[in-house]
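Here's a quick tour of a few spots worth a look. Have the structure open as you read.

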Amino acid sequence: MTLRWVAQRLIQLGFVVLLAAAWHATTSRGTVSPLLLPPLGAVYHEFLGLVAAGKFWPDLAVSLYELLTAFFIAAGAGTIIGYLVSRSVYAIKVFDPLLAGVYAIPAILLFPLYVLYLGIGPASKIAMGATIAFFPIVLNTIAGLHYVDRVYVKAARSMGASPRQMYWSVMFPAAFPVMLTGLRIGLILAFLSILGTETIASFSGLGHRIVELGENMDTATMFAYIIFVVLISILLNLAVSLANRLGRRGLA
Amino acid sequence: MMTSLSPRLVRLGIILALLMTWEVYAREFGDPLFISPPSQVLAAVIHLAHNWEVVAAVGLTCWEVIIAFTLSVLAGLVLGLIVGVSRFVRGATYPMVLLLYAVPLATILPLFVVVFGIGPASKIAFGIAHGVLPVIMTVVAGVQNVEPVLITSARSMGASPRQVLTSVIFPHMIPSFFTGLRLAMTAVLFGVLLAELYVSQAGVGHFTTEFTQTFQPQNLFALVAVLAAIAVALNELCRGAESRFARWHT
């Protein structure tokens, strides 16, 4: 195992080194225009400056504010509506295909409408993120609550659980893993759509900053920001999967 | 009794009620610069169907989606097989695929435009960037799910590596491969439409911008509705294929 493990890590390391070497080789001699691909050293320099001076804070704050607001709206609405729908089998039959059908529409198409109504400020991004995140959350809430093992429900009822106890002690804990999946997908989708819509029409946020730098042909700084956003999203993914694991363990 | 009604009928009723509310609200209270009732949107769809430029733009966007989807699937299949076929290679390369999947592609959209221009090429490339990773991941998952005993027994009966691939691995990959197709379609649609909305000369993004900036909500709604219908049809096609092939060997 250890030899294989070392060999596999070496391949990964080799790949990264090769990529960096190719980048350096093509840019240092001017084979590729620095406007297209800036020298690696320049990007590294810009990245260090960016992080050390904390220049990223205003844009990061805007994007995170949009993400958290959108996520809380979607999580609140999705969980409540999902709960209400899941209370009756008939309502599930009526609403579940309806919600799944709307989910099949690429919500990004609505963005021009949102810009028309809400302007190009954070509001249209929050609305977009919330719309995109809402559907996986509500569908997973319905699925989770609907497929709770009937034995649990019967057992709890026969032991005299009140409707409130039934929900808080049986239904929600049993449905939680599925609901958590919906919340995780919703958060990631909201993040992607917020960055995307900031790119399309915006005056603040990380997506906007990257586009602005690109349009000003300041490619080195743009690459530095792209690397920064990639690191942020890797952190976000790690945090989400950690929360996921903790959430599952907490209830197991 | 309420429960004796078919859910389908109730669903239709809800949709009609929502459309009616929208119609009444838009007619009575809405600002005609911002909202149009569904009846006018429907009229605008018919009107736009006679506008040659808009039809061409919708057609162009459909082409971008179809080309990006086809290339994503082909590239994803090949790359997925390379990554997934040996356990050693998978261990070395799969974490890199997962890492790439975590990259928010929207942030590198300007790079695509710099490299591929503002024409259809950048939309196709951006669509492929979105679509290829889900295919790779589901192909790898599919290869992983082939029971090792099947491969060992095929090999012990003298099957060549190519026969193992075509007669054992491919058939067992089919269910997850179709799941990959569905995910790829959703992702390609997102990528192409996002790139269209970002910058576009002749595609639908050009017209959504124009209709928004010149306050023609009926045309904007109509175009969005048509695109949504096309997107749903493409998604449904993939979902239908998935549910048809998902349980072929049971």
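This is a predicted model: local features need pLDDT of at least 70, side-chain atom pairs count only at pLDDT 80 or more; totals for chains, interfaces and linings use all residues.

## A loop residue in chain B

You'll find B:Asn145 in the loop between helix H6 (120-144) and helix H7 (148-156) of chain B.

What does B:Asn145 contact, leaving aside its neighbours within four places in sequence? B:His172 and B:Ser176. B:Thr21 is another story: 124 residues away along the chain, its C-alpha atom is separated from that of B:Asn145 by 50 Å.

## Where the chains meet

Between the two chains, 38 residues of chain B are in contact with 40 residues of chain A. On the chain B side, helices H1 (7-28), H4 (87-101), H5 (109-116), H8 (161-198), H9 (204-213) and H10 (217-245) each supply at least two residues. H10(B) gives the largest share, with nine residues. By class, that side of chain B has 30 nonpolar residues, plus six polar and two charged ones.

## Helix H2 of chain A

H2(A) covers residues 40-53, and its end C-alpha atoms are 20 Å apart. That agrees with the 20 Å its 14 residues should span at 1.5 Å a residue.

Its buried residues include A:Leu40, A:Val43 and A:Glu46. Viewed down the axis of H2(A), the buried residues fall within an arc of 125 degrees, so they line one face of the helix. Just after H2(A), A:Gly54 takes a positive phi of about 65 degrees.

Terms used
Residues are numbered from 1 along each chain as its sequence is written. Chains are lettered from A and ligands numbered from 1 in the order in which they are written. Two residues are in contact if their C-beta atoms, placed from the backbone, lie within 7 Å. Helices (H or I, at least four residues) and strands (E, at least two) are DSSP runs, numbered from the N terminus. Ala, Val, Leu, Ile, Met, Phe, Trp, Tyr, Cys and Pro count as nonpolar, Asp, Glu, Lys and Arg as charged, and the others, Gly among them, as polar. The expected span of a helix is 1.5 Å times one less than its number of residues. A residue is buried if 20 or more other C-beta atoms lie within 10 Å of its own, exposed if 12 or fewer, and partly exposed in between; C-beta atoms are placed from the backbone. The arc is that of the directions from the helix axis to the C-beta atoms.
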